[in-house]
Each structure stands twice: as C-alpha cells, then as structure tokens.
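Reader: I'd like to learn how to read helix packing and contacts in a model like this one. Can you walk me through it?

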Amino acid sequence: MNEAKRKLLNKRYRAEANFKLFGQIAIGLALLFLAVFMYKIFSKGYTAFQKTWIVTEVHYDKELMLIETDNPSLEDLENADYYEIAYKAMTRLDPSLPEEDDRQLIQMVAFTYEQEVKNHLLKNPSLLGKIVPIRLTASDDLDQVHKGNYPRDIPEEDRRVNDYQLKIYDMLNERGDILSKFNLSFFTNPDSREAELAGIASSFMGTVFSILVCLAFSFPIAVLAAIYLEEFAPKNKFTDFIEVNINNLAAVPSIVFGLLGLGVLLAVFNLPRSTPLVGGITLSLMTLPTIIIAARASLKAVPPSIREAALAMGASNMQTTMHHTVPLSMPGTLSGTIIGLAQALGETAPLILIGMVAFVNTIPGTPVDPAASLPVQIYIWSESAERGFVEKVSACIMVLLGFLILMNLAAQIIRHKFERKWN
Amino acid sequence: MTKISAKNVNVFYGSKQALFDVSLDIMDKEVTALIGPSGCGKSTFLRCLNRMNDVIDICKVEGSIKMDELELNSRKLDVVRLRENVGMVFQKPNPFPKTIYENVSYGPTIHGMAQSKSELDQIVEMSLKKAALWEEVKDRLDEIGTGLSGGQQQRLCIARAISVSPEVILMDEPCSALDPIATAQIEELIDDLKKEHTIVIVTHSMSQAARVSQKTGFFHLGKLIEFGDTEKIFKNPDNQQTQDYITGRFG
C-alpha cells in the first residue's frame, strides 16, 4: 500500500467518525431539549395535583340556619340558611379580629365555602346541632403560599396575601390545620374563574367527545375513499389530480379548517356553537387526509400476489378487496388513524375559531353540549393572570401528553403485533 | 380433442407488442409446456387463458381464444365463471395468510359449491389429497398456510386451485422457487392431475418440459416459433432457433 492510498483510507475513516459524531451530537441535542421541556413542565405542574384545605370548626346551629321544625327532613336542610354558620366558621379562626375586617379571613378560602359547609351537612345529616371540624378549600393565593410558589418577601402592597393572612396561615399551619392532599377536584371539576376550583373535567370530556365525533366521521369516509382510489378507481389524470389534492389537504394549516367549520358548519348548517360535534367534524377534515394516506400506503403494501391468488380463484374485485386486501391492510390503517387522531387531539386553532374557547363551567354530557378541549383549556389558563393557573397549565399539559403517549403507544402496539411482514 | 384453441392472438402493453399472431391448440387432459427465454411472451399467453391480463390496465388482447365453444377474449365473458373453470398456480407460492383449511375452502365457499360444513370438509380433504399434501397437514389444518415450507406452500396453492374442480389448470413456472426434491414432488403431481385436468405449464427448465409434457411450444420474442409433440420438439425440431435453444446455444 503506497502513501497516497493510505492517506485516502485514513481520510475516509475520519469522515465516517466525524459523521457519527455529528449524528450523536444531534441526538444529544434533541434529548436535551426534550429533557428541559419535560423538566419545566413537571417541576411547575406537579404541585397542581395537590390541593390545600383549611381546617376549622363549624357549628350546625339550627337557629342560625333558620330551621323551625324539630325533625328537619333532607329538604328542610336543603333549604336552610348556611350563610351565617359558614361565616362564623371562618371568623372563629381569629375571634380578636374586629368585625369590619372579617373579609380578610373569608378571603382565605374559596368563595364556595358556604356550599362546602352545606354539602358536608347534607352528606351527614346527623351533624345538625353539633360543632364539628370541617375542611374548606383554601383560596388559590393561600394554596400557592402553602406550596411555596408565592414569594413572601415582596412588599405587602404588591402581595395578594397580606401580612395578617400570612400570620393566620402560619398559626394554622403550626396547629396542623392546613391540609394538603391529592387534588381530585382537578379531574372532576369543570373550569372556573377561581384557580383553586378550576378542573379539567369539561375540557377532558370535550376532547373525548371531539375525538369520538372526529373518528366517527373521518374513519369510514377515509377508508372508503382509500379503498376506492387504491383498488377500484381507474388510474388516469383525474385520479392523479385527486391524489395530489389529498396530499395538499394534509398540508393545509389547521386554522383554515377552523374557518371552514365556522363558515359552513356554524353559518350554513346552524350546528350548535362551541360544541364537540362541530369541533369533531372540523377536526375530521384534518384527520381525513392523514387516514387516507395511511390506508392507501398499507393497501399498497399488500403484495399483488395475494390479489392475483384471489382473482385467479374466481373472486370478484369486491371479494378480493374485502376478503383479503382490506383485512391485511387494517393494522396499518388503524395505526395511521390513531396517529391522525393524536394530531387532532393537540389542535387548538380550529377549535378556537368554532367557539370551543368559551368559558364552560359545566361538564358536557353529550357531543352537542358546549365544551372546551384540553389544548384550548391550556390556552385559556395560560392567559389568566392568577398565579394558581400557572401550575394548572403545566398539569393540563401533562394530562394531554399522557393522553398522546397512550394513543401513540396503542398505534405502536397495533403496528408491531398485527402488521404482517412480507418477505 | 382440442380443449383450447387460440387463433392469431396479439397482445399489446401500451404501444409495445408482446405477442405476435400466436395460434395453437391445447389438447384436453394433456400437459402442454410453453418454453422460451425470459420475456418471450409465454407467461403473457398463459395469462390470456384466464384473463389475468385484465388486471393490467394498459394490456390489450386481440384475436380469438376459444375454450370448447366459449370465446375467452370477449368483453361479454364472465371472468369470475371463467376462473372457476381455469385455475392458476403462480411462480412464487402465494397462499393466503390464513389457515390451511381456509386457503383450500375459499374457492368452494365463494362459488357456493358446498351446502354444508361436512361437504366443505370433504372438498378440502379431497383437494389436499390430490395435491399430495393431506398426510403432512391433516393434523394442523388450522395453522397458517404461510408457515409451511416452500414446496408445501406450492402444493397448498395447487390444492387451492383444484378445490373448485377446474377443467384447466395454468401453471406459471410453478417450480422456479423450489428445491429439486419439492420440484420432483410437483412434477409427479402434475402427472397425476392430467388424468382429470388439462394443464398448461410455463417453465424455464427444458428438462422439466421434456419430463412432464406431451406438447411443447417454443416462444421467442413474442412469436410462437414451433409447436408440436414434446418428443419431436426435443429430438428433432423443425426450426433452427428451437434447435439452438434446446441445445443451450442461446437463452
């Protein structure tokens, strides 16, 4: 081997080593971004899964509740007055406080405290007339203080929790009367203007309904279109044109579909605004090309020898397609469908346009009830000024990511388990 | 007796002509072998006999092919019924990715040949027996057909083809993907099958053509150069090109 040849060989080895190094750097960077992103979300969001309560005592005093009968029925309890006893339950935390400053104590719990006092009694009617401990949802500001997300060292006038409230908080905390437990209401409550009460139930159900509507509209249409185009349609200029347009459709920005939903579904067909029905149909326009492309690709992947075998047995085109080609292509089609739905799951822009951005404080029971969706909920909360919503945004992102990971996992499993490898 | 009679068959793929004026007669209950170098049109001709060329959009067939009194190259022909009568075995074994039983029962099922499950069972057993596969698979009929060995897969395809009792079986290089032992089994099978079926086989192996067939046709560049009794073609061909091909001087 002469000198020039050796040099060339070394150069080739070096080039390969460099190429490998660049590849590793690229992967490292990608992983780093992912790790930073995940760390940001999790470190901010995990506290949202904890909820803070203030424990106090309530006296279910018949007189103050304006109950006149001796043996009140549940209905009487339902109609009783709770304002006074709930108010007293809070002010008893600091009897020395002058009456005109009572609001300072009331502000430490969520505005629903009266309802909470009432619900507690309705669950245990035997408590009537007794003095019992009760836990009340802490206000979002106090909640943030308890979680350490709220700086206590900034000047009092810039703080939403004043020095007096902090003093009471510290006293309660020392007594062990501040409770912190798993935040179930984050999953069961609808949205609220108050961060401590806001939950994802309405947007989660909205997302579920939207995805179901989207699936119901896009899957049958897309699969039929794909089967027709791949197995039956003549191959000519016109079908080429259709194919190009389907591919173009997949690249159309989602907000354009939102405008279409707004202009056609709402304006022309007068479907109910802000509902998962409209959201789902709009999203299905986006999902449609994705599923068609996936279904066509997996139909194409079925080897022609299978079609020939069926045709040579005297099967009609329809039988060949339905008995052999379509079943063999189903795993690919299904995993493509799930990927398409996962994309739709994260869509925000088209849903905002068709009004699913409205503030919804009820949990939708059907696809025609107003609802939000998870990504839109993230958007709504991220616009809110209160500190309590910051962790909610991250928590909502976590739920959405979990949803996405589950769907992609399902797609992977279907692909690996059922997809046939042709040799 | 003539089973299939082709007259002046021309086949075009778009503007390219693949077959030129091919005329030949295929005898009933005989094996007819079609030989020739790659791309000579023998497979194209074979696929005219069960209209498999219909699958190819740009393919156009001219001329007349009669099976008994039925004109095969007619727009009005019901290809589904034709293929019920003309089975086909392909170059690469292509069983359906379903069970062995389903592979064989598919044809009888779609053509409504069995009234009951037991009748269908019988057809499956008979077809597998005729294809000399029964003994090897009778205990595992519910296994996937694609899990068999290459030779077994090809015999399964033959069983599938004969399950609808076709009068004619077309074989497109059925042994080219098989080892010599499997090939010998298939050749033996062809010998048996010709008692009940008319067989047309395309093959690259001249020794195979000589072993299994009674008539041989030699194709070259889309033309049928010579057609006649196998013995004569191999021992004393009329045409110099045939002579050259058979003795291995080209192709």
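Author: The axes of helix α16 (residues 374–383) of chain A and helix α17 (residues 388–418) of chain A come within 9 Å and cross at roughly 165°. Helices here are DSSP runs of H or I with at least four residues, strands are E runs of at least two, and both are numbered from the N terminus. Axes are lines fitted to C-alpha atoms, for helices over the stretch in contact, with angles from 0 to 180 degrees between N-to-C directions. This is a predicted model: local features need pLDDT of at least 70, side-chain atom pairs count only at pLDDT 80 or more, and totals for chains, interfaces and linings use all residues. Residues are numbered from 1 along each chain as its sequence is written, while chains are lettered from A and ligands numbered from 1 in the order in which they are written.

Reader: How is α16(A) oriented relative to α17(A), parallel or antiparallel?

Author: Angles under 35 degrees count as roughly parallel, over 145 as roughly antiparallel, 65 to 115 as roughly perpendicular and the rest as oblique. So α16(A) is roughly antiparallel to α17(A).

Reader: Is F187(A) buried, exposed or partly exposed?

Author: Buried needs 20 or more other C-beta atoms within 10 Å, exposed 12 or fewer, partly exposed is in between, and C-beta atoms are placed from the backbone. F187(A) has 14, so it is partly exposed. Its place is in helix α8 (residues 185–188) of chain A.

Reader: What does F187(A) touch beyond four places in sequence?

Author: Contact means C-beta atoms, placed from the backbone, within 7 Å. F187(A) touches G199(A), I200(A) and A201(A). F187(A) and G199(A) lie 12 residues apart in sequence, yet 5.6 Å apart C-alpha to C-alpha.

Terms used: Contact = placed C-beta atoms within 7 Å.
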